[in-house]
Amino acid sequence: MQFRRRRRRANPPPSTGGDPVDAPYEDPEGLTITKRYDGYPEGVYVRSFEMPLSGGQKIVGCYAVLDFVENPDLQFLPRFSAGKKPTKYFSDHLAEGADNPFLAVNGGFFVMTAPPRSYCLLVSDGVVNSRPDPYEWTGPSSSPYQFFPVRGAMGRMADGKFETAWVYCVADDAQRPYAFPSPLDNDERIPSFMSSAPTSKTPGAELWEPQQAIGAGPMLVRDSLNVAEDSYYREVLHYMGQGINGMGRRPRTALGTTRSQRRMVVVVCNGDKVQSSAGITLPELGDLFLRFGCVMAVNLDGGGSSAFVGREGTLLNGLPAERTMPTAVIFAEKK
């Protein structure tokens, strides 16, 4: 496939309407860049990296930085299906021929049934393809308890800017997604859970209408602050130790956006000894996005789901086997 290479600007374009702009991209400090990948579209920077830990351990992974100002033809395309491997999402999109895909990563959480069932938000071209449902959880008393988690999501709005939000699809407005200023009143540390679902009338609720969006959680960075640990428990992702092990070292995938809201950072960190990587905790992942200058960031699925597919349609992060999953995110350039 052919990507258009434009003459690089020495500086970012002037802001319009007083919107903030980002400084020209530079690799963040504190990471050892092990490979710089060539052949990507203008405004896309793809790297493999290592980050040292104490005791001789290290975190190994891949990242991509995509500047939607430097290249307005870049596309953020969450995709929903009955179930595909990440490389299949990539090859199918390439076969469609509408644009040139150059990157794919896994999407949000799902249940590994046949076919797999998504339980995270996904919006594609303004249509809600997947909604998170209320969940039943069996606590220490062994009695089912229903809870209503309000979880982090990343979306691209009609004006082209990226937003993060704590989101719930409300029953009193046709299950449409609403954004909230916090994860509301759930907190596994107490533990305490909301007795009923949020509605469109809940204080702070605002209809959220992204053109494209992917949800999972927790929120990692909010307004330039690392909120990963607090959000992990308040978004009900610990499950009394049976959830995503947010304080432990695991493979993880996440998305962040910088102050312009038009530059995205995509990170996949390995774990489980893949490429000798120790894995990363959620608070460490939040700190990593702050190194990139991100003001907002959201965690996606992790563990054996974490996949980073490069422009040739192959895995770059050394994952030994791919999972079949109902959601993924494609990044492409318009032809």
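This is a predicted model: local features need pLDDT of at least 70, side-chain atom pairs count only at pLDDT 80 or more; totals for chains, interfaces and linings use all residues.
**Entry 1: Asn270**

With that naming in hand, I looked up Asn270 and found it in the loop between strand 20 (263–269) and helix 3 (282–291). Is Asn270 buried or exposed? I read a relative accessible area of 3% for Asn270. Buried means under 20%, so Asn270 counts as buried.

Next I checked what its side chain does. The Asn270 side chain makes a polar contact with the side chain of Gln275, at 2.7 Å. Then I skipped the neighbours within four places in sequence and listed what else Asn270 is in contact with: Val60, Gly61, Arg250, Pro251, Gln275, Ser277, Gly279 and Asn317. Gln275 turns up in that list too.

**Entry 2: Met51**

I moved on to Met51, which sits in strand 2 (residues 44–52). Met51 has 8% relative accessibility, so I put it down as buried.

How far apart are Met51 and Leu31 in space, C-alpha to C-alpha? I got 5.1 Å, although 20 residues separate Met51 and Leu31 in sequence. Leu31 is also one of the residues Met51 touches, once I leave out those up to four places away in sequence.

**Entry 3: helix 1**

For helix 1 (residues 86–96), I wrote down the buried residues: Pro86, Thr87, Tyr89, Phe90 and His93. Why do I say they line one face of the helix? Looking down the axis of helix 1, I see its buried residues fall within an arc of 160°, so they line one face.

I then asked what covers them. The cover includes strand 4 (74–84), strand 5 (99–106), strand 22 (308–309) and strand 23 (325–334). Just after helix 1, I spotted Gly97 with a positive phi of about 80°.

**Entry 4: the cavity**

I count 1 cavity of 30 Å³ or more, and the largest cavity holds about 90 Å³ of space. Its lining includes Tyr119, Cys120, Leu121, Arg151, Gly152 and Ala153.

Which strand gives the largest share of the lining? Strand 12 does, with 3 residues. Strand 12 (151–156) and strand 13 (162–170) each supply at least two lining residues. Sorted by class, I get 9 nonpolar, 2 polar and 1 charged residues in the lining.

Technical notes: Residues are numbered from 1 along each chain as its sequence is written. Side-chain values use heavy atoms; hydrogens and water are left out. On a 1 Å grid over the protein atoms alone, a cavity is a set of points where a 1.4 Å probe fits but cannot get out, and a pocket is an open set with protein on both sides within 12 Å along at least five of seven lines; lining residues have an atom within 4 Å of a point. Grid points are joined across faces, edges and corners, and a volume is the space filled by probe spheres set on the points. Helices (H or I, at least four residues) and strands (E, at least two) are DSSP runs, numbered from the N terminus. Ala, Val, Leu, Ile, Met, Phe, Trp, Tyr, Cys and Pro count as nonpolar, Asp, Glu, Lys and Arg as charged, and the others, Gly among them, as polar. Buried means under 20% relative accessible area, exposed over 50%, partly exposed in between (1.4 Å probe, protein chains only). The arc is that of the directions from the helix axis to the C-beta atoms. Contact means heavy atoms within 4.5 Å. A polar contact is a pair of N or O atoms within 3.5 Å; within protein, one must be able to donate a hydrogen and the other to accept it, and residues adjacent in sequence count only if both atoms are side-chain atoms.
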